[in-house]
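Subject: Structure for your review

Dear colleague,

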Amino acid sequence: MSAELFSVFYQFADVFAFLILSAAGLAIVFGMMGVINMAHGEFIMCGAYVTVGLVKLGVPLPIAQALAALTAGLIGVAVEYLVVRRFYKRPLDSLLATWGLSLIVTQSMLLIVGSSITGIGTPEGSFAIGGYTFSTYRLVLFACAVAVLLGLYVTFMKTRFGVLARATMQNAAMARALGARTGRIYAISFGIGAGLAGLCGALYAPTMTLIPTMGATFVVESFVTVVVGGANVLLGTAPAAVFLAIIRMALNASYGQIIGQIGMLFAVILIIRVLPEGISSVLVRRGR
Amino acid sequence: MFKLLDGSQTLGRGPTFWSCFLVVLAAALIYPVFADSYDVGNFSYFFIWIFMALGLCLMWGYGGMLSFGQTLFFGISGYAYGVLAINMGGGSTTIVALVLSIIIAMIAAGILGYFMIWGGISGIFFGIVTLSATLVLAFFLGQTAGPEWRIGSARLNGFNGMKGMDPLAIGDFYIEGVALYYVMVALIVIVYLALRMLVNSRIGNVIVATRENPQRAEMLGYDVRKYQLLTFTIGSGLAGLSGALYTSWGQFITPSSIGLPAAAMPIVWVAFSGRSDLTATLVGSFLLLFGFQTITVYSQQAALVLMGALLLATVMLAPQGFVLGVGKLVADRWSARRQRSSKLALADTSRLQPDET
């Protein structure tokens, strides 16, 4: 019995980790600046490619993954400075600008690198409970997702940067008047968002085929999680991921991946009819 | 009726504009006499996509709803045409299949639109929900390779796509080549003029009022949701028209016509052209399709990089669109030379600028 229970938890953890890791970066950028980064998938792709490249050079996997996340974060800061910064007053145009960027990056990668490169293989290691075997790496991914949420909690609730960031989020003009450098805070937040996207790619790089268009496999999950979650990462994205993971897990188990994804989409369309501003709007209102 | 065609929501008015319109139309009509059949076929192919662009222009430029789901309805209708044409047999029934597939796309748009519009989502979320639905459809169709995925005798065939449906036909006469070209020109003229009349009608004024300020429009007593749903359904139905025509034109359709990067193309055409005017969209989309096709011959990736760069350049340099900007410049020069008061033109253009979208 406990083996079955663990199996259910394992499947839940697998989907939950995927949703959190793919959506966290997008949610931070949306929560802080009200911008949806359409090049989110390309930051994920960047993280994955850097990881695989470094591992092939002989760098140990965890260090390669950390460096990949850092690279994506730095590129994110540059992108914010060069492009996104101009569009904070025009959120729809920021959508278009980042989409243009995404097209440029994906297709240039196809031109330069070619359609696919050889992967590095999922780290070995599995364990058995009852009659079932489970992959250890999937639990590592779950642990990483939880760590990301904890890290975000600490960053935004316990540090000086967090206080300034939340002040900027609530009222940017007032925060600026009180001396917060909102431009820098936006740049750092965008960098964190891009870095988390890179981390997502880095963590999933060993488990999937690397192609320049791989970002597309993550964007649906990240979009719907942010739509359901709303503007707050901790109070929105996390509960949304729990909720969607339960739906997805149940459907995956009975009907397979694609029906799971379709079912999740239908659930999201039903939810926005009731909660157009996402789960966090309800939770935040209750909290006040 | 002419008043509706020449109304204030569309740029390009008066005898000068309509003379130009007639000249271009006449040129389009005699073009097949001079060009070889390959070029005529190519032009028909460009025309297929124009409907989708005009639909997006209506939704985005006039209605203020940025839908990223044009290829969703393109795909629904394209696949529906395939399934219907294969199952109902060829001949004149293909016309019925075309009409039915557009209706199916419009019903799908009505359902999705109901949940989004009545849920009250707008702006950015409208875009990413429609895009999510689009990508999910593309993923779904991509894994329907097995023989169990069939509707009647039509196999969906996964990534390789569905094929084997008949092209549009009347009895034994297949609408191909020059005949298809003339059908396309006729359809474009009808759709273009009908949309002009729609946006200049009472309904069109409410649609534009909703774009400018939904609350104010609602306070004036209009149920804006109904108008938004109508706009979304018509715009998506035009994408459906493109989809069904595309399937009929090439006798195949694949999931790659739906997913990325195909989903970005209508956005690039309309953004580059100038979303707030139908004529600019018509002209700009045709130019972009022509250019894209020319470069695709050498490298499809390079063409797509260029499209991405154009989108980025448009929002950074000319958020209202390049073609529209050039058009206004020419029109202003023209009226200045004829010593008209240019204030009039400026007043008109400023009325067409949306607040923030």
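I begin with a residue in a loop. Gln251(B) sits in the loop that links α10 (224-250) to β6 in chain B. Although Gln251(B) is not a glycine, its phi is positive, at about 55°. Gln251(B) counts as partly exposed because it has 14 C-beta neighbours inside 10 Å, a number that falls between the limits of 12 or fewer for exposed and 20 or more for buried. Please bear in mind throughout that this is a predicted model.

A second residue of this kind is Asn157(B), which has a positive phi of about 70° and is likewise not a glycine. Asn157(B) belongs to the loop between β2 (154-155) and β3 (162-163) of chain B. Is Asn157(B) buried or exposed? With 22 other C-beta atoms within 10 Å, Asn157(B) is buried.

One peptide bond in chain B also deserves mention. The bond from Leu260(B) to Pro261(B) is cis, its omega being near 0°. Pro261(B) lies in the loop that runs between β6 (252-253) and α11 of chain B.

Another loop, the one between α11 (265-273) and α12 (278-296) of chain B, holds Arg275(B). This arginine is buried, since 30 other C-beta atoms lie within 10 Å. Leaving aside residues up to four places away in sequence, Arg275(B) touches Cys57(B), Trp60(B), Gly61(B), Val270(B), Thr281(B) and Gly321(B). Ile258(B) is 17 residues from Arg275(B) along the chain, and their C-alpha atoms are 22 Å apart.

Turning to chain B as a whole, its secondary structure comprises 15 helices and 6 strands. The C-alpha trace spans about 65 × 55 × 40 Å along its principal axes. For 357 residues, a compact globule would have a radius of gyration near 21 Å, and the 20 Å of chain B agrees with this. Of the 357 residues in chain B, 48% are buried. Among contacts in chain B with a separation of 6 or more, 77% join residues 24 or more positions apart.

The two chains meet in a contact to which chain A contributes 34 residues and chain B 42 residues. On the side of chain A that touches chain B, α4 (91-112), α9 (216-229) and α11 (257-274) of chain A each supply at least two residues. The most comes from α4(A), with 15 residues. By type, the residues on this side of chain A divide into 25 nonpolar, 5 polar and 4 charged.

The largest nonpolar core has 203 residues, and those that touch the most other members are Leu54(B), Val268(B) and Leu311(B). Helix α1 (residues 2-33) of chain A gives the most to this core, namely 17 residues. Leu311(B) has contacts in both chains: not counting residues up to four places away in sequence, it touches Leu96(A), Trp99(A), Gly100(A) and Leu103(A), together with Ile267(B), Val268(B) and Ala271(B).

Finally, there is a helix pair in chain A. Helix α5 (residues 136-158) and helix α6 (residues 160-170) of chain A pack at an angle of about 75°, with their axes 5 Å apart. The two helices α5(A) and α6(A) are therefore roughly perpendicular. On α5(A) the contact is made by Thr155(A), Phe156(A), Met157(A) and Lys158(A), and on α6(A) by Phe161(A), Gly162(A), Ala165(A) and Arg166(A). These residues divide into 4 nonpolar, 2 polar and 2 charged.

Yours sincerely

How values were computed: Residues are numbered from 1 along each chain as its sequence is written. Chains are lettered from A and ligands numbered from 1 in the order in which they are written. This is a predicted model: local features need pLDDT of at least 70, side-chain atom pairs count only at pLDDT 80 or more; totals for chains, interfaces and linings use all residues. Axes are lines fitted to C-alpha atoms, for helices over the stretch in contact, and angles run from 0 to 180 degrees between N-to-C directions. Helices (H or I, at least four residues) and strands (E, at least two) are DSSP runs, numbered from the N terminus. Angles under 35 degrees count as roughly parallel, over 145 as roughly antiparallel, 65 to 115 as roughly perpendicular and the rest as oblique. Two residues are in contact if their C-beta atoms, placed from the backbone, lie within 7 Å. Ala, Val, Leu, Ile, Met, Phe, Trp, Tyr, Cys and Pro count as nonpolar, Asp, Glu, Lys and Arg as charged, and the others, Gly among them, as polar. A nonpolar core is a set of buried Ala, Val, Leu, Ile, Met, Phe, Trp, Tyr and Cys residues joined through C-beta atoms within 7 Å. The radius of gyration is taken over C-alpha atoms; the globule rule is 2.2 Å times the number of residues to the power 0.38.
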